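This report goes through selected features of one protein model. Please keep the sequence and the structure at hand while reading.

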Amino acid sequence: MAARKADITTYNSETRDRVFSTLHLDTGLSSVNETKLLRKIDLHVLPIFVNVSNALTLGLPAELGLEGQQPNIALTIFFVPYVIFEIPSNFLMKKLSPRVWLSGCILCFGIIMVAQGFVKNYGGLLATRFFLGLCEAGIFPGSFYLISFWYKKEEAQKRFTIYWSTTIFAGAFGGLLASAIANMNGIRGLASWRWIFILEGIATVLVGIASFLCITDFPREAKWLSHEEREFLMKKTGADESRTASITIKDVLAFLAKPKHWFAALMYFSLLVPTYSIVYFLPTIIQALGYTTVQTQLHSVPPFAAAFGFAIVGAYLSDKFRIRSPFIFLGLALSVAGLAILISVRGAAHFSAEYAALCLVAMGSFGIGGNIVCWYVMNLRGHVERSIGSAWMIGFGNMGGIVATFLFERKDAPYYRSGYSVCLAMAALCIASAAGYGLVIWRQRREMAKDERLAEEEPVYL
C-alpha cells in the first residue's frame with residue numbers, strides 16, 4: 001500500500017511532463033520547439049508589463065498646504081476604489097479582452113496623472129487620487145491574471161517576480177527621478193512637484209497608447225502564435241478554457257466560502273502593510289537617521305536593491321525546485337529580524353545597524369511579494385477561479401496600504417516605535433496565514449495523491 005502511494009505521488013508530480021511528451025507525438029505538435037516558444041512568449045508578454053509598472057510611480061505634493069492627517073488621507077483615498085473595483089475590473093477585462101481593457105486603464109491613469117500636476121487645493125488632490133486608484137484597479141490584478149495563462153507552474157515564478165520587481169525599481173529610482181526633476185522648478189511658472197506628475201503622466205499616456213498595440217490577449221486569441229504553437233501552449237499550460245466562460249454572483253460566493261482564499265488574502269494583506277510602509281516612508285525613516293536630503297535619496301536605493309536580488313534568486317530556486325513556501329517563510333524571517341532590530345536598537349551610535357535592518361525588512365517584504373502572488377494564483381484553475389482569485393487577493397491585500405499610510409507619523413520620529421510594532425505584528429500574521437494556506441494545500445496534495453483521477457491533474461505547489 002505504501003509503495004502504491006509512493007507511485008501515485010511520483011505520478012502526480014511528473015505526469016504532466018510525460019503527457020506533453022506523448023502529446024508531441026500523438027497530435028502532430030512535434031515540430032514545436034518549446035524553448036524557442038518560451039522565449040517568444042517572454043518577448044511578447046513581459047516587456048510591455050514592465051513598462052506599464054514603471055510608468056505607475058506616484059508622489060505627493062507637499063506645497064498644497066496640507067496639514068495634520070491630510071497627507072495620509074490623500075494617500076489613503078487612492079486605495080478605496082482600488083480595493084472595491086478589483087473583481088469587477090477583471091470581469092470587464094475578460095469581457096472586453098486584455099488589450100482593450102488594460103490599455104484603456106493605463107491611458108486614463110496617465111491623463112489623470114497629468115491633471116494631478118495642475119491641482120490647486122486639497123479637494124482637487126483627493127479627486128485625482130481617487131480616480132488614479134480607480135484606474136489602477138484594472139491594471140495590477142489584471143496583469144497577473146493574464147500572465148498566469150501563458151506559463152506552466154514551474155515557469156511562472158520567475159515571470160511573476162520580474163513583473164513584481166518593477167515596483168521595486170520604481171521605489172528605488174522614483175526618488176532619484178524626483179531629485180532630477182527638481183531642477184525644473186519655476187519653468188513655465190510651475191513648481192517642480194507639478195512637473196513630476198506632468199512628465200510621469202505624459203510618459204504613462206505614451207505607454208497606454210503603446211499598450212493597445214503591444215499587449216497580448218489570452219493564448220487562445222493570440223494572433224502572433226501559429227495554430228500549432230497555440231494548440232501546444234494551451235495543452236501545456238491547461239489554459240484551453242475560453243475567456244468567454246461566464247461568471248456569476250453564485251460563483252463568487254462559492255469561491256469566498258473556501259477557507260484557503262481567506263488565508264491567501266490575509267497573507268497578502270499582512271505583507272503589504274510593511275511593504276507600503278517601505279514605499280511611503282523609507283526616505284522619512286532614513287532622514288531620521290541623520291542623513292541630508294541628497295544622502296537620503298541615495299541611501300533609499302540599497303534596500304530596494306537588496307530586495308530585488310533576494311527576489312530574483314528566490315524566484316529562480318522556487319521554479320527550479322517547484323516549491324514556493326520555504327522562500328516565503330525565509331523572507332518573513334528576515335523581515336521579523338529586521339523589525340526586531342529597529343524596535344530594540346536606537347540612537348545615532350547604532351545607525352549602521354538600523355540601516356542594515358531596513359535592508360532586511362525590504363528583503364522580507366518586497367522580496368517575497370511576487371512569490372506570494374504566484375503561489376496563490378498559479379494554484380487556481382481556469383478563468384473563473386483566476387479572474388476572481390487574482391482580484392480578490394490584490395484587492396483585499398491592498399487594504400494594507402490604508403493601514404500603512406497612518407503608521408509612520410512625524411510625531412513618532414525618530415524611533416517610530418508604534419509603526420515598527422504594527423509591522424512586526426503584521427509579519428507574524430503573515431507567517432500564520434501562510435502556514436494556514438500551506439496546510440490547506442498540503443491536504444489538497446494528499447487527496448490528489450490518493451485519488452488516481454485527481455493524480456492526472458496538474459499538481460498544486462506547496
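The sections below cover the basis of the model, salt bridges, helix packing, a nonpolar patch and one cysteine.

## Basis

This is a predicted model, in which local features need pLDDT of at least 70 and side-chain atom pairs count only at pLDDT 80 or more, while totals for chains, interfaces and linings use all residues. Residues are numbered from 1 along each chain as its sequence is written, and side-chain values use heavy atoms, with hydrogens and water left out.

## Salt bridges

A salt bridge is a side-chain nitrogen of Lys or Arg within 4 Å of a carboxyl oxygen of Asp or Glu. The count by this rule is five. One of them pairs arginine 322 with glutamate 154, with 3.6 Å between the closest N and O atoms. Arginine 322 sits in the loop between α15 (301-321) and α16 (325-344) and glutamate 154 in helix α9 (residues 153-181), so this pair ties together parts that are 168 residues apart in sequence. Helices here are DSSP runs (H or I, at least four residues), numbered from the N terminus.

Lysine 158 and aspartate 319 form another salt bridge, their closest N and O atoms being 3.1 Å apart. This pair links helix α9, which holds lysine 158, to helix α15, which holds aspartate 319, across 161 residues. Lysine 158 counts as partly exposed at 29% relative accessibility, whereas aspartate 319 counts as buried at 4%. Buried means under 20% relative accessible area, exposed over 50%, and partly exposed in between (1.4 Å probe, protein chains only). Aspartate 319 also meets arginine 324 in a salt bridge (3.1 Å, N to O), and both residues are buried.

## Helix packing

Helix α13 (residues 259-288) packs on helix α18 (residues 382-397) at about 40°, the axes being 8 Å apart. The two are therefore oblique to each other; angles under 35 degrees count as roughly parallel, over 145 as roughly antiparallel, 65 to 115 as roughly perpendicular and the rest as oblique. Axes are lines fitted to C-alpha atoms over the stretch in contact, and angles run from 0 to 180 degrees between N-to-C directions.

## Nonpolar patch

Val80, Ile84, Phe85, Phe131 and Leu134 make a nonpolar surface patch of about 410 Å². Patch residues have over 30% relative accessible area and no salt bridge, and nonpolar side chains (Val, Leu, Ile, Met, Phe, Trp, Tyr) are joined within 5 Å. Isoleucine 84, in helix α4, counts as exposed at 53% relative accessibility.

## Cysteine 423

Cysteine 423 lies in helix α20 (residues 417-450) and is buried, at a relative accessible area of 2%.

Definitions and conventions
Patches are made of residues with over 30% relative accessible area and no salt bridge: like charges are joined within 9 Å, nonpolar side chains (Val, Leu, Ile, Met, Phe, Trp, Tyr) within 5 Å. Accessible areas come from the Shrake-Rupley method with a 1.4 Å probe; for residues, only the protein chains shown count as cover.
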